[in-house]
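This briefing walks through a protein model, topic by topic, for a reader who is new to structures. Please look over the sequence and the 3D view before reading the points that follow.

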Amino acid sequence: MRFFRRPLLVVFISLIVLIRIWYWLEGEGTHESVFQEGQPVECVGRIEEIQVRASGSSIILSGIKPDSVNAGDKQENQTFLIYNSAEQDLFQFFRPGNKLKVKGTGYSFEAAGNPGEFDELSYYGSRGIDGKIFADSADVLDGRYDYVKYALFMLRQKAVEKLFAVMEEADAGILSAMILGDKTNLPEEEKELYQRTGIGHMLVISGLHVTLLAAGLFFFLRSYIMPMRQAVVVTVLFLFMYGQFTGFEVATARAVLMMCCVLFARYTGRCYDALSALSFGGIITLVSEPVQLFQCGFLLSYTSVFGIVLFAPVMDRMKLKSTWGKSLFSSASVCVVTLPVMLWFYYEICPYSVIANMIVLPFLSLLVGVGTAGCLVSFFWPAGGEFVLATAHYILAFYKLVCRLVSGLPASTIVTGRPPVWCIVLYYTILAAAVVLYLRWEKRRWLYTGAVLLFVCLLFRQESLFLYTQLDVGQGDCACIFYKDKTFLIDGGSSSEKEIGKYTIRNFLKFYGRTDIDGVFVTHSDADHTNGIAEIVENKGNWGISVGSVIFPDIQKRDEKYVSLMQTFGAYGVIVRTMKRGDQLRLGELSISCLHPRPEYEWESENDYSLTLAVEFRDMRILCTGDLEESGERDLTDVCGPYDMLKVGHHGSKTSTSPEFLHKARPVNAVVSAGRKNRYGHPAAVTLEKLGQQGVRVWHTMEQGAIFLEWKNGGKQIYSFREGGI
């Protein structure tokens with residue numbers, strides 16, 4: 001294939017390289033927020049989009065120049081996401097295109113604080129949204145509105161209502177996502193099930209959806225209504241209306257633009273070239289929003305189509321005749337090309353995804369057709385719509401059955417972690433070389449050799465000799481220790497972040513390719529130290545992360561929460577152990593020693609029986625104190641500094657970290673784990689002052705994200721997730 005004899009492809013690749021270099025020189029590919037945290041804001045703009053969710057409606061306001069406290073001179077034509085913070089629904093009667101004056105509180109988008117975590121700042125930056133406002137009031141300054149956008153918005157809302165009126169809730173939520181682009185009611189359980197088995201693309205409006213609808217409309221118009229050229233024009237108009245109707249996600253935009261190229265080729269009598277059409281769509285997307293290059297949706301959408309184009313000549317040379325064989329090869333080609341993207345963003349693969357896709361894909365055209373027809377019929381004849389959509393129910397039930405069967409197979413999920421960049425570069429180099437060599441000499445050994453090399457290079461994972469990470473869990477505590485293939489946690493919970501186990505701890509572990517936690521040290525029973533661990537234990541079957549044992553402080557006087565936690569973990573088959581002063585866990589060069597409490601220690605506050613641990617690897621020393629306060633610190637007798645890192649007790653409360661304790665510990669660095677704008681005022685100014693007087697360098701998870709202390713290149717290195725460096 002003569003790839004580079006296509007000008008659009010050359011421009012597309014050049015644009016990708018330029019964007020990559022630009023953001024490499026400038027830093028992260030994100031938009032900076034225009035607000036300080038909790039800043040009063042007054043701004044004027046026009047409604048670009050209205051979003052309706054179960055939790056309440058929101059709007060996207062564009063063309064804004066904010067007039068706010070300490071805002072300074074900001075560029076015009078900014079876009080903000082506006083949430084309703086008032087008791088009544090402020091946006092109930094607004095329409096797209098209305099000019100509003102909004103008063104409220106502005107916030108920055110949150111950058112990810114840990115490896116594997118959702119990056120709100122990057123995601124909204126890729127959509128061109130600069131900040132978020134929680135509105136207290138919103139007034140219409142200009143009632144003019146966009147009639148087309150409003151009509152499509154109301155039609156979409158009505159269609160969602162009709163689906164939920166005639167279908168089961170779960171089925172309606174899935175079908176709303178598949179044909180209407182509305183993911184607000186997508187059941188979380190079904191979403192994760194589809195993603196685990198590699199058919200998550202079914203839940204978004206992809207090229208196949210758009211092709212089915214556009215091809216069906218064009219064929220009908222061309223055959224029964226109008227001449228070919230008029231049919232092309234009408235179908236193109238329909239495509240853009242449908243794109244607007246469904247929200248014009250990246251995959252939809254790519255499919256619409258490529259289908260327009262197909263129709264334009266038909267209109268002009270020229271040949272259609274899929275690679276040029278793909279490049280055209282990519283150029284349009286990246287010129288409008290360059291940061292899309294770093295988003296999962298863009299990369300998956302474009303690499304999947306590129307996989308089909310890349311392997312099409314290989315399939316032709318193989319002369320596959322059976323439909324089954326062609327389907328298997330096409331599905332495999334998409335999986336092979338998108339695999340690095342999947343591992344980069346999701347850190348795991350389902351080895352049976354090719355088979356799962358082969359089983360479910362033949363029914364997709366029927367599902368989309370029946371779903372669309374049933375939705376339309378339900379507008380005029382609800383009983384008839386329910387009858388038509390019954391077929392969709394059975395197809396979705398079949399999909400769920402396939403997902404459950406695949407999930408139940410041995411090794412249905414392989415967690416690899418995020419591959420190094422050099423592995424991905426090597427992977428695509430080998431892939432391209434294997435295809436070129438096969439097309440040149442038509443020897444299948446090149447494909448087989450390439451497949452083996454691809455498998456080896458992508459599953460390569462460099463094991464950490466020693467890595468201590470204080471995760472950013474908001475107002476809570478969680479530390480993770482990697483020693484060779486062993487994994488330990490010290491606490492794991494938060495009072496400010498929802499489902500911290502699911503969205504932070506689980507993703508962090510999978511980012512590094514870890515699924516087995518050898519031990520969890522629970523310093524004490526407070527929920528902000530334990531609720532994430534409880535999530536992981538309770539969801540072992542769904543998440544695939546196992547906990548070998550949980551270690552509690554060995555105390556004679558036990559509070560109710562302590563006892564309840566021990567019983568909960570025991571009920572899930574987790575080994576429950578205790579640890580007291582003088583006990584030590586030793587593995588090779590790693591030792592974890594308990595310095596507190598004594599079993600007979602008489603505590604008054606639960607914080608003061610916090611399990612206090614000294615972690616040592618070679619000449620690296622870390623002191624972890626849980627929520628230990630000054631009365632507990634006075635009971636410590638085995639603290640003998642210096643320590644490379646001190647995990648500051650009780651999130652930096654003024655009741656912890658006494659001068660006497662600091663004098664004994666003599667930490668070089670200290671890390672404070674606390675949430676932004678927390679209601680307790682952590683860390684206290686007096687605590688920071690005490691640390692400063694001792695010359696301790698203080699790290700803050702709330703500002704710098706996760707803090708790492710690693711043995712690397714023969715020495716100790718400390719750095720933060722958001723700032724990098726040493």
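Predicted model: local features only at pLDDT ≥ 70, side-chain atom pairs only at ≥ 80, totals over all residues.

A residue is called buried when its relative accessible area is under 20%, exposed when that value is over 50%, and partly exposed in between.

**A mostly covered helix**
- Helix H12, which spans residues 353-360, is mostly covered, with 6 of its 8 residues counted as buried.
- The buried residues of H12 are Ser-353, Val-354, Ala-356, Asn-357, Met-358 and Val-360.

**A nonpolar patch on the surface**
- Ile-13, Val-17, Ile-21, Trp-24 and Leu-25 form a nonpolar patch on the surface, and together they have about 520 Å² of accessible area.
- Trp-24, one of the residues in this patch, lies in helix H1, which covers residues 7-26, and it counts as exposed because its relative accessibility is 65%, where the cut-off for exposed is over 50%.

- Gly-369 is found in helix H13, which covers residues 364-380, and it counts as partly exposed because its relative accessibility is 38%.
- Gly-369 and Gly-216 are 153 residues apart along the chain, while their C-alpha atoms are separated by 9.4 Å.

**Salt bridges**
- The structure holds 26 salt bridges, and one of them joins Lys-149 and Glu-48, whose closest N and O atoms are 2.9 Å apart.
- Because Lys-149 lies in helix H3 (residues 147-166) and Glu-48 in strand E1 (residues 39-53), this pair ties together parts that are 101 residues apart in sequence.
- Glu-48 counts as partly exposed, at 38% relative accessibility.
- The side chains of Glu-190 and Lys-400 also meet in a salt bridge, at 3.0 Å from N to O.
- Since Glu-190 belongs to helix H5 (residues 188-196) and Lys-400 to helix H14 (residues 382-407), the pair ties together parts that are 210 residues apart in sequence.
- Within this pair, Glu-190 is buried, with a relative accessible area of 8%, whereas Lys-400 is partly exposed, with a relative accessible area of 28%.
- Asp-644 forms a salt bridge with Lys-716, and their closest N and O atoms are 3.0 Å apart.
- Asp-644 lies in strand E20 (residues 643-647) and Lys-716 in strand E24 (residues 715-720), so this pair ties together parts that are 72 residues apart in sequence.
- Asp-644 counts as buried at 15% relative accessibility, whereas Lys-716 is partly exposed, with a relative accessible area of 37%.

Conventions:
Residues numbered from 1 in each chain as written. Heavy atoms only, no water. Buried < 20%, exposed > 50% of the residue type's maximum accessible area, 1.4 Å probe, protein only. Helix = DSSP H or I, 4+ residues; strand = E, 2+ residues; numbered from the N terminus. Patch = residues over 30% accessible without salt bridge, like charges linked within 9 Å, V, L, I, M, F, W, Y side chains within 5 Å. Areas by Shrake-Rupley, 256 points an atom, 1.4 Å probe, with all protein chains shown as cover. Salt bridge = Lys/Arg side-chain N within 4 Å of Asp/Glu carboxyl O.
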